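Subject: Handing over a structure

Hello,

Here is the structure I promised to pass on to you. Please have a look at it first, and then read my notes below.

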Amino acid sequence: MKRLFNNKPVIAALVLPGILVMVFAMIIPIGFSVYYSLTNWAGIGAFKWVGFDNYVEILTSDSTFWRSLTNVAILIVVTVFLQNPVAFALAALLARIKPRWSRFFRTIYFIPAVLSVVVITALWTNIMNPSFGILNKFLSLFSTDPVTTSWLGKPATALGSVIWIIVWQGFGWALLFFYSGLMTVPAELEEAAKIDGAGWWMTYTRVILPYLFPIISAVVVIDVISSLKQMEIIFLSTGGGPGDLTQFTAVYLYQKAFVASQYGYGNGLSILFVIVAVGLTLVVQRLFRTEGEVA
Amino acid sequence: MSGPWISVKNTKKAFLGVFLAALAFFQLFPLLWVFNYSLQKTGDLFGPAFFTLPAVPQWNNYVRAFVDGKILQSSINSVIIVVSAVALTTVLAFCIAYACTRMSWKLRKWVLGFVSLGMVIPIHVTLLPNFIWFGLFGLIDTHLSLIIPYVAFQISFSTLVIAAQLQSVPLAMEESAFMDGASYRSILPRIIAPMVSPAIVTAMISTFLSDWNEFIMANTYLASDDKRTLPFSIIRFQGQYASDYAVQFACMVLVAVPALIIFFLFSKWIMAGVSAGAVKG
């Protein structure tokens with residue numbers, strides 16, 4: 001029997017095809033990126049080996065790169081500290097109503113998460129459209145002059161508007177994660193807290209939240225990963241503008257390579273981006289793991 | 001419990017109900033707005049009124065969106081690509097999950113770790129190099145240029161979901177089958193797969209939705225119109241009919257509806273899958 005579960009040819013046949021696809025479409029390309037990041041290739045024609053010049057330039061004098069990372073950081077903060085508490089509170093409400101209704105509302109709140117980003121972006125760019133968007137029409141109801149704000153075009157509102165679209169789409173996920181976490185809380189735990197005289201605030205902060213720590217940390221890790229991966233919504237709405245105010249790293253590397261014809265430089269951004277993404281995820285995961293063990 | 005208590009409870013309940021309904025309305029309103037606009041004449045959109053229903057519903061907008069947006073061709077392309085990608089992803093992920101959870105070999109932890117790496121690496125870092133790398137094989141502007149990376153990037157999640165459920169299936173299942181002289185080739189699809197079918201369905205639906213909605217790879221690797229996938233129809237429209245907003249809105253509805261139908265049909269499974277993913281972390 002042991003030999004059966006240790007059958008090398010079978011293991012190879014099961015594992016290799018999937019691994020090879022991943023190596024082909026994910027690992028080898030990153031290798032290519034490393035190679036091209038050390039050149040000044042424009043995408044066509046001849047190119048020169050430039051060593052680490054691209055990296056030095058990105059890290060020392062590319063303010064757009066740093067702006068894009070700052071925006072990623074802002075998005076992480078907004079999702080972790082604004083989206084999550086709201087989603088958690090709503091999940092806690094939904095966990096207390098009749099299952100039938102709870103399911104109905106969860107389904108509705110989750111709809112944005114199943115729509116294509118193209119639809120979502122087109123939807124919100126139209127809502128925020130300065131001339132016929134419903135947002136301005138709505139605000140005009142409360143003012144004497146018609147409101148004509150270009151939400152995605154004005155420096156003061158562009159980043160906030162983009163983040164709003166991203167959060168609107170991601171909210172359903174956070175809600176569902178918290179809801180399924182709350183469903184795993186044993187009823188005795190809550191009852192015990194009640195018997196000990198804890199009010200709802202105490203029950204949540206002292207009993208339920210600590211119990212859900214593993215799920216909350218998983219949600220934060222997901223927030224970090226998905227904030228890093230944001231691209232299409234920005235690409236299709238502001239393109240990173242006005243200026244580079246709404247620039248995100250994934251959009252920036254794409255534009256550098258395919259629009260500005262700095263293919264080598266774009267690959268340098270790409271490699272730094274992988275390092276940041278994998279590094280940050282590992283750091284956040286590690287952070288939660290040790291904290292969880294202490295607690 | 002005396003009377004007033006119950007009424008306080010009821011007021012609270014009513015308040016909660018109104019709050020949840022208002023939120024649901026807020027969530028759905030943008031979609032209703034798009035649907036409403038898709039039936040208007042473009043000229044009517046620019047009026048000052050906050051919300052008007054179309055005087056005469058312009059169903060013709062949908063005909064134009066369907067024909068000029070090449071919705072039929074794009075849908076066929078999307079179906080071909082997504083069905084192949086979902087089938088491949090699920091089979092390959094199931095195989096890896098089985099080998100890594102049920103069989104004993106030294107590297108299995110490493111392989112599972114490598115597979116989960118796919119959840120962390122942003123697909124965007126492969127956009128630039130794959131354009132060159134796929135080009136070497138003549139894959140650019142073919143459906144394979146999407147199927148391969150879709151599979152590569154979705155294997156991770158599917159493997160983790162299926163592996164999580166495989167761990168709860170007793171080993172005795174295979175042992176007795178092996179006693180009867182069955183082989184892996186027959187045991188995996190006939191005995192093991194049905195036992196983890198909830199996880200498989202969850203993996204398939206989540207793969208379907210993300211592949212069906214994927215845009216940036218489709219926009220990068222496909223160049224010819226007759227190969228493009230559905231989300232691109234909206235972009236094509238924004239270029240072609242820059243000022244004909246109502247038809248653009250109709251196009252958005254046409255693209256959104258299939259995903260919504262799948263979601264409503266399978267929402268139970270999707271929710272269950274998300275829960276599984278969340279609880280397993």
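Let me start with the overall form of chain B. Its radius of gyration is 24 Å, whereas a compact globule of 281 residues would have one near 19 Å; the radius is taken over C-alpha atoms, and the globule rule is 2.2 Å times the number of residues to the power 0.38. Along the principal axes, the C-alpha atoms of chain B fill a box of roughly 75 × 75 × 35 Å.

A word on where this comes from: it is a predicted model, in which local features need pLDDT of at least 70 and side-chain atom pairs count only at pLDDT 80 or more, while totals for chains, interfaces and linings use all residues. Residues are numbered from 1 along each chain as its sequence is written, and chains are lettered from A and ligands numbered from 1 in the order in which they are written.

**Chain B as a whole**

Chain B has 12 helices and zero strands, where helices (H or I, at least four residues) and strands (E, at least two) are DSSP runs numbered from the N terminus. Along the sequence, the pattern of chain B reads α-α-α-α-α-α-α-α-α-α-α-α. Of the 281 residues in chain B, 42% are buried; a residue is buried if 20 or more other C-beta atoms lie within 10 Å of its own, exposed if 12 or fewer, and partly exposed in between, with C-beta atoms placed from the backbone. Among the contacts in chain B with a separation of 6 or more, 79% are between residues 24 or more positions apart. Two residues are in contact if their C-beta atoms, placed from the backbone, lie within 7 Å.

**Where the two chains meet**

The contact between the chains takes 72 residues from chain A and 65 residues from chain B. On the chain B side, helix α12 (residues 245–280) gives the most, with 12 residues. By class, that side of chain B has 53 nonpolar, 10 polar and two charged residues. Here Ala, Val, Leu, Ile, Met, Phe, Trp, Tyr, Cys and Pro count as nonpolar, Asp, Glu, Lys and Arg as charged, and the others, Gly among them, as polar.

**Two helix pairs to look at**

In chain B, helix α6 (residues 144–166) and helix α9 (residues 197–213) pack at an angle of about 155 degrees, with their axes 9 Å apart. Axes are lines fitted to C-alpha atoms, for helices over the stretch in contact, and angles run from 0 to 180 degrees between N-to-C directions. The angle makes α6(B) roughly antiparallel to α9(B); angles under 35 degrees count as roughly parallel, over 145 as roughly antiparallel, 65 to 115 as roughly perpendicular and the rest as oblique. The residues that make the contact include B:Y150, B:F157 and B:V161 of α6(B), and B:A199, B:A203 and B:S206 of α9(B). By class, this contact has nine nonpolar, seven polar and one charged residues.

B:A199 sits in helix α9 of chain B and counts as buried, because 26 C-beta neighbours lie inside 10 Å. B:A199 is 70 residues from B:W269 in sequence, and their C-alpha atoms are 8.9 Å apart in space.

In chain A, helix α5 (residues 99–114) and helix α8 (residues 155–183) pack at an angle of about 135 degrees, with their axes 6 Å apart. That makes α5(A) oblique to α8(A). Among the residues in the contact are A:R106, A:Y109 and A:F110 of α5(A), and A:W168, A:G172 and A:L176 of α8(A). The classes here are nine nonpolar, two polar and one charged.

Another helix of chain A, α6 (residues 117–127), is mostly covered, with 10 of its 11 residues buried. Among those buried residues are A:V117, A:L123, A:W124 and A:N126.

**Some backbone details**

A cis peptide bond, with omega about -5 degrees, joins A:G241 and A:P242. A:P242 lies in the loop between α12 (232–237) and α13 (249–258) of chain A.

A:S261 is not a glycine, yet has a positive phi of about 55 degrees. A:S261 lies in the loop between α13 and α14 (263–294) of chain A and is partly exposed, with 14 other C-beta atoms within 10 Å.

B:K70, also a residue other than glycine, has a positive phi near 50 degrees. B:K70 is in the loop between α2 (60–68) and α3 (71–102) of chain B, and is buried, with 20 other C-beta atoms within 10 Å.

Best wishes
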